[in-house]
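Dear colleague,

I am passing on the structure that we discussed, and below it you will find notes on what turned up in it. Please read them with the structure open beside you.

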Amino acid sequence: MLQITGVKHQVLNAKQHAKEAAIIAQAGRVGAVTIATNMAGRGTDIVLGGNFEIMANNKLLADGIAPDTLPLEEKRQKYAKLHEELREEQKTVLELGGLHVIGTERHESRRIDNQLRGRAGRQGDPGSSKFFLSIDDDLMRIFGAETIRNVMNRLGSPDGEAIGHRWLNSSIAGMQKKVEGQNFDVRKHLKEYDDVMNLQRREIYGLRRRILLGEDLKDEILEQIAGAVEDTVLKYAPTRSYSEHWNIAGLCEEAMTSFGVPYKISEEEIESKQQDDIFDEIWDLVKANHEDKEARYGADPMRRFERAVFLMVIDSLWKDHLFEMDHLRDSVQFRAYGQKNPLYEYQREALKMFKELRVAIAKAVSGYLFRLEQAAPSAGAQANHGNTNVSASGPTSTSPTDGKPKKTYVKYF
């Protein structure tokens, strides 16, 4: 339309990166018309009367001189005539009222409108702005466009005529405020969901940080193993059930498979046992097994192996947990059809899944730890003198004996 009417203009659309600086440099001159998108030209003030520095740089490039080689003062001396012309033009632009911004729509957020208005009146310069709307715009169409249209028809306003009234301005401001309130509620609701994940994330990342810093996690490991033992006992000897219904054979088998301890109990002893008694007996055997491995392989190699296994298991299971949480977040919304609060359901299910994650971590760590056994040295293996390392097959330790390094190779299955 501007081309048809013969108005000279420039288009600033955040795509013409090479020309953008030149367009902005000319945008503050007398009679300059610049069409800009919301994003184009951000971060650069439009200098009234023209941007001397950008224009001087373009002249230097045309003369084959790198702009960075000359300071600004030397540029002013070199192009003194251009500098004086732009200063006079700046005075003319200031007398005319500065930069005028014309908006073609009002946005859902008043913040965006204020950012567009803020392109004028920068750094104390004068400026003005004016926005034009259509009744068919999204903002008007969603909120009361028909009411405004009916009022205009009753007043006999012809099509295409610009209408300005304080009542119209206040109505549009009320529409924007209502949309902003709705968007705020959406963000607030999303944050409530994110808070659930942040609690889990804080606990997992805190544990990972301790592992990466090389802290002694023996107590944490034993706590994980104890949790795995408790879960195993309750799995085969559940609460609120009679002892004759317990699966003792399965319990003994899993105690050997997961913890490497030969737990046995006769049928006569079962009747006098409680779950706590079975847990204490298995836990004593598990602790003895752990202490035996530590005595055979050394405390430092055990700590290194525990940290390596702990980190590997957490990273693997945590990724799966995040994937499941995303699915839960999407699917829990449908519970609103059953008159249930989706947020409450998400919190409840997320807590349940996190408990299952901790149990899975505990069982995986226990499984790796109690499968640790000493193996014969492989051909060509090299041992480090007087230190310990964790290799791909497990921790390796050496200690001098009779002046020669003693090679100990440890692997897990």
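Is R303 buried or exposed? R303 is buried, with a relative accessible area of 8%, where buried means under 20% relative accessible area, exposed over 50% and partly exposed in between, with a 1.4 Å probe and protein chains only.

Before going further, please note that this is a predicted model, in which local features need pLDDT of at least 70 and side-chain atom pairs count only at pLDDT 80 or more, while totals for chains, interfaces and linings use all residues. Residues are numbered from 1 along each chain as its sequence is written, and side-chain values use heavy atoms, with hydrogens and water left out.

Salt bridges

A search of the whole structure finds 23 salt bridges, each being a side-chain nitrogen of Lys or Arg within 4 Å of a carboxyl oxygen of Asp or Glu. R303 forms one with E306, the closest N and O atoms being 2.9 Å apart, and both residues lie in helix α14, three residues apart, about one turn of the helix. (Helices, H or I of at least four residues, and strands, E of at least two, are DSSP runs numbered from the N terminus.) The side chain of R303 also meets that of E294 in a salt bridge of 3.1 Å, N to O, and E294 is buried, with a relative accessible area of 16%.

Another salt bridge joins R29 and E89, with 2.8 Å between the closest N and O atoms. Because R29 lies in the loop between α2 and β2 and E89 in helix α5, this pair ties together parts that are 60 residues apart in sequence. R29 is partly exposed, at 26% relative accessible area, whereas E89 counts as buried at 14%.

Aromatic pairs

Rings of Phe, Tyr and Trp (its six-membered ring) pair if their centres lie within 6.5 Å, and planes under 30 degrees apart count as stacked, over 60 as edge-to-face and the rest as tilted. By this rule the count comes to five aromatic pairs. One of them is the tilted pair of Y193 and Y346, at 4.9 Å centre to centre and 55° between the planes, which links helix α9 with helix α15 across 153 residues. Y193 is buried, with a relative accessible area of 1%, and Y346 is buried with a relative accessible area of 1%.
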